[in-house]
Amino acid sequence: MEEMSSCSSTVTAVSGVSFLQKTLERLSSTQCLKLKAEESSPVAVIALQRYLSEQTDGQQPQPDTYSYDVTVTDGVWRAKCFLDPRLNHLVHKSVLRTGADVRITQCSFVYNERRLGHGYICIENLTCGLSSVWLRGQDVTALPILVKHGMERSVALQSDVPLQVSRKHYLALWNNDDPEGDMWAIGSPSSDTVLDVTKITLLCNLESNIRNTWKPLPLLVKIMNKSRLRYYGKFGQKIDYPYQAYFEVADQSGMMSLVLWNELCPEFYQRLNVGMVLYLQNYTLKQSYSKRSRPQMGHHRMMSFNSVEICLNPRNPASVITVISPKSVLPQWELPEVPYQFTTRSELEKLPKSSVCDIIGLVTFVGRVERVKSKGNIVPEKYWTYRWVHAVDGSSDLPFILEVFSSSQSEIFNHICPMTYLVCTQMRVCRVEGSVPYLTTSCETEMFITGHHKGQPYVTDPRVKSFIQWTKTLKDNIVLQKTAVGGHYCYPPAPKIFTQSADNATAQIPLVAFTDLKREIETLHYREHKRLAIQGQIMAVQYMKSLKTMDSYQTEEGETSGFPVDTCEDTEQDSTCDRGMVGQTTAASLSPSSEKVLTRGGKKRGQTREGHQSSVIFRSTPAKRAGHEGTEIRQEQEEIKSGSKEMHHVENQDSDVLSWQSSSWPKQQQDVPEHLHHGRLFEDSISQRFTFDEKNVLLQLSNLHPSRWKSEQTTDTAPSVVCPGYYQITILGINKQLAVNAAYLPVVHSDEPRAVGLPQDPHGNSALSCLSSGFFCPLSNTADLSQSILPQPEEILATASELEDLHVVCVLDLCHLGGNKVEILINKVYGVNEVTL
């Protein structure tokens, strides 16, 4: 696809000729405007905002659950536009994103028939280009907003609310848990006014008064726990701000749940924090919702009143919330201290499954942010965002392995990075047989990192003080050598034995048909992760020495055109690799040393059992193959097809790719109706060493694309990724109707994040044992892999003959990396003797 230059945007900004203004003027005389290539100029996307779609009576239902407003600029004006729902898939795949140039090729102007003075531009077709160059470092908020004459008073066009006026607020772009937009008040204005606390009631008195009609007396309570935000919006709902948040509050008599409802959430949720003292008036009481989760705070030794909860509502009646200044809190109120239960890493091994603890640690690894679809929400669909984190506390050689979901603290969640102090409260212990325990967040978890600890109640905890003293003994340069950011990471490892439960839909790793695998890949959304299993046969293995064979795929997304716009799945590279396996390219040779490795005891290890023949082929790069076509190619094809070829050596010391294939694959490949050409490894798949100099760009790469462009976003180039080499595996479905390529990136170093908690039973470094274990044995302990004693690809592939005709179950990790990049990685391969029903 043709790359779109952003030069014209620069010219537009300098000259003052506005493409957006001219487009709006032309829309005044036509219902729908289709722009030719010479008429369209690129504009930069500076905001991409999501909200629940409208469902209007008498109209066709929206094809998607959510709608999107797109704000673009040409350097002269800003324009907030509505994205035609048929283009929503561009957002789902992160082809359309902030910071990128787009070229609008079709648009219309839509008037609101039920409201005077409101209308907007609807983008009906566009092409997506590369990241905008001129936008970087620009303060786009200073540009004026483009509004059609007569609509200057439209609130939706000029403020932070959706263009579809039945919706009052935006949602976070990638989940429903994070506060999003200007409506969320920040800060904690406290009251120094003198309050009459002589006429208050205690929590212990509320349970007996739930059915009384008397007006309840005020409460004086301290916040002990704060849950994440819950959005419960759905179609047909008449609530403008469908939010809910739980707090646990306590006084001298005990503890009770408090619920913040609807409009009060934007006003107070970010203001109310653990440890604050509240004076509450005009609250209501109701019976507790029995199915909700609760924080485990038994260690506080206070009475818990679980049958009743306090409700704070914006109306009927309008609750009054007063935050009392800390200096005004008096000892005679006898409010309890906030309880914590900090656990060290060495103590974690003794904690039972599902127990809860608080932890503090020094972050050494933080994974990329990924998403997983909530199984409980079908309409509207809902995604959780999460990342994996390692943190050490000096009590063990092993770090805490933390599965950290968004806790409605996006400013903290997005800035977790190595060398920061991380506190996580209310973490639940997870245990999986054969792996070390890990911790996952609960609905009641809060997180804090360096820069956010001041004033938190836990700072005086003895365990926290002890941890701080330990960190003072560390040297930054030594710790930095063991840090990492981003890349593929998934825990726990697949179990030693694959078990298919009776209800496959609820299995930890569902076993799917190959046709289902294709659908799962096609329907992945941006950074969505799925783990599933397929059964089939491994027909070919390629070793890829580096990422340089992926040069044609390094752009994050290609330009798309036409309507509807689709992402392009470029398969040329994989097709070339595939043709190489059947001998349509010339093979390169083994080095003399490699040839010795492949021949032991006078017998070549390419020989397979029961007379089967397999081949190990070393291929040159396309440029090196140009002069070798002809007789050698035809000869190689015939040898492979006839099954008489065991190995083929051609002098070429600089081969980039070497491969093995099953003797039956050349014939079966011709009969397979469909081959999914994935299996490429991307830079996003490999974790990188953390440095302070590259902190901002590394965080930007590991986080999700933001919903709004900020002028302070880094313009630094991404650090180069060192690829240790990987394998591309071709798997043929058990019914031989579909094949798929998947990448396999073995763990090779003990300091890799993926090595932590990985069962490291010794094995012989055969192709099957490496695929089954996920690592080379033993793991290297030297930072310089070139100096370590690792099995060479030639050695691994020389044993691949054991894969011949072997029925296997492959566990795959799928993740959409944005644009046309879909990561498919092999997590584990099971032989038939490792499977049970």
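Which residue lies over the face of Phe109, and at what distance from the ring centre? I looked this up in a predicted model. Lys148 is the residue, at 5.1 Å from the centre of the Phe109 ring.

**Entry 1: around Phe109**

I then checked the aromatic neighbours. The structure holds 24 aromatic pairs. One of them joins Phe109 and Tyr111, with 5.0 Å between the ring centres and 65 degrees between the planes. I noted this pair as edge-to-face, because planes over 60 degrees apart count as such.

**Entry 2: Phe342 and Tyr458**

I looked up another edge-to-face pair, Phe342 with Tyr458. The ring centres are 6.4 Å apart, and the planes make an angle of 70 degrees. Which parts of the chain does this pair tie together? Phe342 is in the loop between strand S14 (320-324) and helix H6 (345-348). Tyr458 is in the loop between strand S21 (447-448) and helix H8 (462-471). The pair therefore links parts that lie 116 residues apart in sequence. Both Phe342 and Tyr458 are buried.

**Entry 3: a cluster and another lysine**

I found five aromatic residues listed as one cluster: Phe365, Trp388, Tyr438, Tyr489 and Tyr491. I also went to Tyr830, where the charged end of Lys828 sits over the ring at 5.2 Å from its centre.

**Entry 4: nonpolar cores**

The largest nonpolar core has 125 residues. I wanted to know which members touch the most others, and these are Leu96, Leu260, Ile310 and Leu402.

**Entry 5: confidence**

How high is the average pLDDT of the protein chain? The average is 83, and 82% of the residues score at least 70. I marked two stretches in my copy. Residues 1-15 stay under 50, and the model gives them 36 contacts beyond four places in sequence. Residues 618-654 are also below 50, with 93 contacts in the model beyond near neighbours in sequence. Where pLDDT is low, predicted coordinates should not be read in detail.

Technical notes: Residues are numbered from 1 along each chain as its sequence is written. This is a predicted model: local features need pLDDT of at least 70, side-chain atom pairs count only at pLDDT 80 or more; totals for chains, interfaces and linings use all residues. Side-chain values use heavy atoms; hydrogens and water are left out. A nonpolar core is a set of buried Ala, Val, Leu, Ile, Met, Phe, Trp, Tyr and Cys residues joined through side-chain atoms within 4.5 Å. Buried means under 20% relative accessible area, exposed over 50%, partly exposed in between (1.4 Å probe, protein chains only). Rings of Phe, Tyr and Trp (its six-membered ring) pair if their centres lie within 6.5 Å; planes under 30 degrees apart count as stacked, over 60 as edge-to-face and the rest as tilted. Helices (H or I, at least four residues) and strands (E, at least two) are DSSP runs, numbered from the N terminus. A charge sits over a ring if NZ of Lys or CZ of Arg is within 6 Å of the ring centre and within 35 degrees of the ring normal. pLDDT is the predictor's confidence in each residue, from 0 to 100. Contact means heavy atoms within 4.5 Å.
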